[in-house]
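I opened this notebook to record what I looked up in the structure, one topic per entry. I began with the overall fold and went on to single contacts.

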Amino acid sequence: MRRAALAAFIFALAACATTPGALPSPRYADAASRGTLASVLAGRPSADQVADATEAWSLALGDSFACGLPVRHVVDAGLVGALEVAAMNAAASRGGEREVREGVRQYLGQLARLAVDRRDRPNARRCDALAAWAPRTAEQGRETVQRARRNGLMDDDYGILLDLLTR
């Protein structure tokens, strides 16, 4: 009975970590910042899940720029998105810091493209949701990076990311 309850709990945690909502959040990056056990509980995402999450981050960030949100809020959320996509890629490939660094580097290029992309402004309800999402996501990212550094899980290569997120 206890094993069934534990298995159901682990399955529920993994489902939460791999199912992106309407607006993305740093689930895998958060798990990685907490250590090995949390990363294991988060599960190993499939390539499709990584692609879906990447698309969700890109859509939210692109719409945030189109809504005219403060650029700093969107860029901060984008840095968190880069970290999340990189953490997902590392989890999917069973990689480590090298994979995370490469993933961050690749997604930052995507963020730059989103900043200059011209797209139609989303409806007011979506813009309002994004206006609340971007700074909240940036704060989650700051907490995640700081926790990872406290836990000795991020080397000095991430100092620049931490500096950017803490300004």
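**Ground rules.** I am working with a predicted model, in which local features need pLDDT of at least 70 and side-chain atom pairs count only at pLDDT 80 or more, while totals for chains, interfaces and linings use all residues. Residues are numbered from 1 along each chain as its sequence is written, and side-chain values use heavy atoms, with hydrogens and water left out.

**Overall fold.** I looked up the secondary structure and found 8 helices and 0 strands, where helices (H or I, at least four residues) and strands (E, at least two) are DSSP runs numbered from the N terminus. Along the sequence the pattern reads α-α-α-α-α-α-α-α. Of the 167 residues, 41% are buried, a word I use for under 20% relative accessible area, with exposed meaning over 50% and partly exposed in between (1.4 Å probe, protein chains only). I also noted that residues 24 or more positions apart account for 74% of the contacts with a separation of 6 or more, a contact being heavy atoms within 4.5 Å.

**H5 and H7.** How do the axes of H5 and H7 cross? Helix H5 (residues 71-93) and helix H7 (residues 124-150) have axes that come within 8 Å and cross at roughly 50 degrees; the axes are lines fitted to C-alpha atoms, for helices over the stretch in contact, and angles run from 0 to 180 degrees between N-to-C directions. H5 and H7 are therefore oblique to each other, given that angles under 35 degrees count as roughly parallel, over 145 as roughly antiparallel, 65 to 115 as roughly perpendicular and the rest as oblique. From H5, the contact uses His73, Asp76, Ala77, Val80 and Leu83, and from H7 it uses Trp133, Ala134, Pro135, Thr137, Ala138, Gly141, Arg142 and Val145. I sorted the residues of this contact by class and got 8 nonpolar, 3 polar and 2 charged, with Ala, Val, Leu, Ile, Met, Phe, Trp, Tyr, Cys and Pro as nonpolar, Asp, Glu, Lys and Arg as charged, and the others, Gly among them, as polar.

**H2 and H5.** I then turned to helix H2 (residues 27-34), whose axis comes within 7 Å of that of H5 and crosses it at roughly 70 degrees, which makes H2 roughly perpendicular to H5. Arg27, Tyr28 and Ala29 of H2 meet Leu83, Glu84, Ala87, Met88 and Ala91 of H5, and these residues divide into 6 nonpolar, no polar and 2 charged.

**Aromatic pair.** How many aromatic pairs does the structure hold? I found 1, formed by Trp57 and Trp133, which are 5.8 Å apart centre to centre with 50 degrees between the planes, and hence listed as tilted. Rings of Phe, Tyr and Trp (its six-membered ring) pair if their centres lie within 6.5 Å, and planes under 30 degrees apart count as stacked, over 60 as edge-to-face and the rest as tilted. Trp57 lies in helix H4 (residues 47-66) and Trp133 in H7, so the pair ties together parts that are 76 residues apart in sequence. Both Trp57 and Trp133 are buried.

Ser58, in H4, is buried at a relative accessible area of 7%. Leaving aside residues up to four places away in sequence, Ser58 touches Tyr107, Gln110, Leu114 and Arg119. Asp117 sits in the loop between helix H6 (97-116) and H7, and at 40% relative accessibility Asp117 counts as partly exposed. I noted too that Asp117 and Gly62 are 55 residues apart in sequence and 7.6 Å apart in space, C-alpha to C-alpha.
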